Amino acid sequence: MTGVDGAQIGIDRIDRGAGVIGEFDQERAEAAVRELLIAIGEDPEREGLKRTPHRVANAYREMFAGLYTEPDAVLATVFDEGHDELVLVKDIPMYSTCEHHLVSFRGVAHVGYIPGESGQVTGLSKLARVVDLYAKRPQVQERLTSQIADAIVRRLDPRGVIVVIEAEHLCMAMRGIRKPGATTTTSAVRGLFKTSAVSRGEALELIRR
Ligand SMILES: Nc1nc2c(ncn2[C@@H]2O[C@H](COP(=O)(O)OP(=O)(O)OP(=O)(O)O)[C@@H](O)[C@H]2O)c(=O)[nH]1
Ligand SMILES: [Zn+2]
């Protein structure tokens with residue numbers, strides 16, 4: 001089954017079958033962090049580091065919680081509002097993790113859609129939940145942006161979806177090229193926002209405002 005732009009319904013890039021994806025292995029994560037501490041020349045038995053593997057594993061469980069949640073379930077709440085114009089949630093704070101360096105990239109997401117013929121809308125918080133779900137995975141910004149758009153297409157069958165993410169990558173700020181303050185903007189447009197420059201322009205204007 002496909003929605004606008006042929007997005008596969010119910011299938012996510014890293015799904016390992018229907019439903020929940022993967023599982024967190026606390027013991028393995030703690031052992032890996034301990035190894036990493038040894039690898040950087042630290043002593044994992046010293047007082048300040050004793051509980052660090054446990055804490056880091058817990059933090060990773062939280063940072064990657066989106067791997068263990070079925071995306072379409074997040075958008076399960078829909079209302080028949082008969083609304084057929086733009087719904088836009090702006091400036092959704094977003095924290096994700098760069099899959100190349102496992103350090104964070106953070107910024108804001110703007111998510112808009114025009115409901116389909118049925119006029120079905122979802123709860124506003126659900127749009128932010130979808131952002132969170134995909135952000136809480138090892139990511140690249142481009143894929144994160146597309147996955148959010150495609151999840152909304154799959155669940156709501158809207159006339160159009162637009163997702164814009166503006167983020168700073170700490171892997172470009174604190175190491176490597178070291179350009180703090182450089183921001184990356186990515187967009188994913190589907191349906192009407194792709195085919196109509198006017199609709200896209202209006203949405204972008206509202207996002208910029
Ligand atoms: N397109 C894209 N690139 C990203 C993203 N996050 C990090 N990168 C880039 O991924 C690239 C990885 O490059 P590599 O040459 O394999 O790794 P590296 O030697 O650590 O690269 P430097 O960061 O340039 O030091 C870097 O250019 C990063 O800036 C992202 O979300 N999207
Ligand atoms: Zn990176």
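1. Cys171 sits in helix α6 (residues 170-173), where helices (H or I, at least four residues) and strands (E, at least two) are DSSP runs numbered from the N terminus. Leaving aside residues up to four places away in sequence, Cys171 touches Cys98, His100, His101, Val103 and Gly176; contact here asks for C-beta atoms, placed from the backbone, within 7 Å.

2. A word on the ground rules: this is a predicted model, in which local features need pLDDT of at least 70 and side-chain atom pairs count only at pLDDT 80 or more, while totals for chains, interfaces and linings use all residues. Residues are numbered from 1 along each chain as its sequence is written, and chains are lettered from A and ligands numbered from 1 in the order in which they are written.

3. Beyond four places in sequence, Cys98 touches Val103, Phe105, His169 and Cys171.

4. Now the annotation. An unreviewed UniProt entry lists Cys98, His101 and Cys171 under "binding site"; positions are given in the numbering used here, feature names are shortened, and annotations may be inferred rather than shown by experiment. These residues span 74 residues in sequence, yet no two of their C-alpha atoms are more than 7.7 Å apart, so they gather at one spot.

5. Which residues are around ligand 1? They are Cys98, His100, Val140, Gln141, Glu142, His169, Cys171, Met172, Gly176 and Ile177, taking a C-beta atom, placed from the backbone, within 6 Å as the criterion. Helices α5 (141-156) and α6 each supply at least two residues of this shell. By type, the shell has five nonpolar, four polar and one charged; Ala, Val, Leu, Ile, Met, Phe, Trp, Tyr, Cys and Pro count as nonpolar, Asp, Glu, Lys and Arg as charged, and the others, Gly among them, as polar.

6. On confidence, the chain averages a pLDDT of 90, and 90% of the residues score at least 70; pLDDT is the predictor's confidence in each residue, from 0 to 100. Please take care with residues 1-19, over which pLDDT stays under 50. Where pLDDT is low, the predicted coordinates should not be read in detail. For the complex, the predictor gives an ipTM of 0.94 and a pTM of 0.90.

Definitions and conventions:
Two residues are in contact if their C-beta atoms, placed from the backbone, lie within 7 Å.
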